Amino acid sequence: MASFVSANLDHEISGKFVVFQLDAKLRFEPKEVGHRWLFQIEFREQDPVKDDKLSPVPKSVGFGEPDAHIKRHYFIPSQGEVELSFKEEFPTHLVDTEWGQEEIYAIVQALPLEQPPGFVAAKAQTNITKVDV
């Protein structure tokens, strides 16, 4: 069964963009190694009422795409423990959802694209990174 060992989120401001750095370490069973997996990232802004989903493109551009706010990457683990690193860029005005700092985190998932018996998806939540835009 695939599992997350760690999932860490950080960021930097670059001009009019927020560049998120996501580093994850996953563990796979021997039978899961060598098979294709999907790594999904869903960025969210913590809110006292309901957390906001962040999208890297304006809603008008992503119109018609059911999951425009989810970033997808494909990979094949070559060993039992794998480290993945991704940079995702968002325009600052799409991150700035409220007054003051934004508390951003990500929901991450590793989903098996092949379904041999015993393959189970892994899911985790990163730490919160505070973005001042």
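**Figure 1. Overall dimensions of the predicted protein chain.** Residues are numbered from 1 along each chain as its sequence is written, and side-chain values use heavy atoms, with hydrogens and water left out. Along the principal axes, the C-alpha atoms fill a box of roughly 50 × 30 × 30 Å. The protein chain exposes about 7,700 Å² (Shrake-Rupley method, 1.4 Å probe), and carbon and sulfur atoms supply 51% of that area.

**Figure 2. Order of the helix and strands.** One helix and nine strands are present in the protein chain; these are DSSP runs numbered from the N terminus, with helices (H or I) of at least four residues and strands (E) of at least two. From the N terminus on, the elements follow the order β-β-β-β-β-β-α-β-β-β. Contact means heavy atoms within 4.5 Å. Among contacts with a separation of 6 or more, 73% involve residues 24 or more positions apart.

**Figure 3. The largest nonpolar core.** A nonpolar core is a set of buried Ala, Val, Leu, Ile, Met, Phe, Trp, Tyr and Cys residues joined through side-chain atoms within 4.5 Å. Buried means under 20% relative accessible area, exposed over 50%, and partly exposed in between, with a 1.4 Å probe and protein chains only. The largest core holds 29 residues, of which Phe4, Phe20, Leu22, Phe39, Phe43 and Val108 touch the most other members. At least two residues of this core come from each of strand 1 (3-14), strand 2 (17-27), strand 3 (37-45), strand 6 (81-91), strand 7 (102-112) and strand 8 (122-125). Strand 2 gives the largest share, five residues. Across the protein chain, buried residues make up 41% of the 133 residues. In soluble globular proteins, nonpolar side chains tend to be buried together.

**Figure 4. Strand 7 and its partners.** Two strands pair if DSSP finds at least two bridges between them. Strand 7 runs antiparallel to strand 3, to which nine bridges join it; here Leu38 stands opposite Leu111. Four bridges pair strand 7 with strand 8, also in the antiparallel sense. Ala110 stands opposite Ala122 of strand 8, and Val108 faces Ala124. Strand 9 (residues 129-131) is joined to strand 7 by three bridges, again antiparallel, with Thr129 as the bridge partner of Ile104.

Figure 5. Apart from neighbours within four places in sequence, Val108 is in contact with Phe4, Ala7, Leu22, Phe39, Gln40, Ile41, Ala122, Lys123, Ala124 and Thr126. Strand 8 shows a covered face with Ala122 and Ala124, and an uncovered face with Lys123 and Gln125. In a regular strand the side chains alternate between the two faces of the sheet.

**Figure 6. Aromatic pairs.** Rings of Phe, Tyr and Trp (its six-membered ring) pair if their centres lie within 6.5 Å; planes under 30 degrees apart count as stacked, over 60 as edge-to-face and the rest as tilted. The whole structure contains nine such pairs. Phe43 and Phe90 form an edge-to-face pair, 5.0 Å centre to centre with 75° between the planes. Phe43 lies in strand 3 and Phe90 in strand 6, so this pair ties together parts that are 47 residues apart in sequence. Phe43 counts as buried at 1% relative accessibility, as does Phe90 at 0%. Ring pairs also link Phe4, Phe28, Trp37, Phe39, Phe75, Phe86 and Phe119 into a cluster.

Figure 7. Val49 lies in the loop between strand 3 and strand 4 (52-53) and is exposed, with a relative accessible area of 78%. From C-alpha to C-alpha, Val49 and Phe20 are 24 Å apart in space and 29 residues apart in sequence. Glu83, found in strand 6, is exposed with a relative accessible area of 62%. Glu83 and Lys25 are 58 residues apart in sequence, yet 4.4 Å apart in space, C-alpha to C-alpha. Not counting residues up to four places away in sequence, Glu83 touches Ala24 and Lys25.

Methods. This is a predicted model: local features need pLDDT of at least 70, side-chain atom pairs count only at pLDDT 80 or more; totals for chains, interfaces and linings use all residues.
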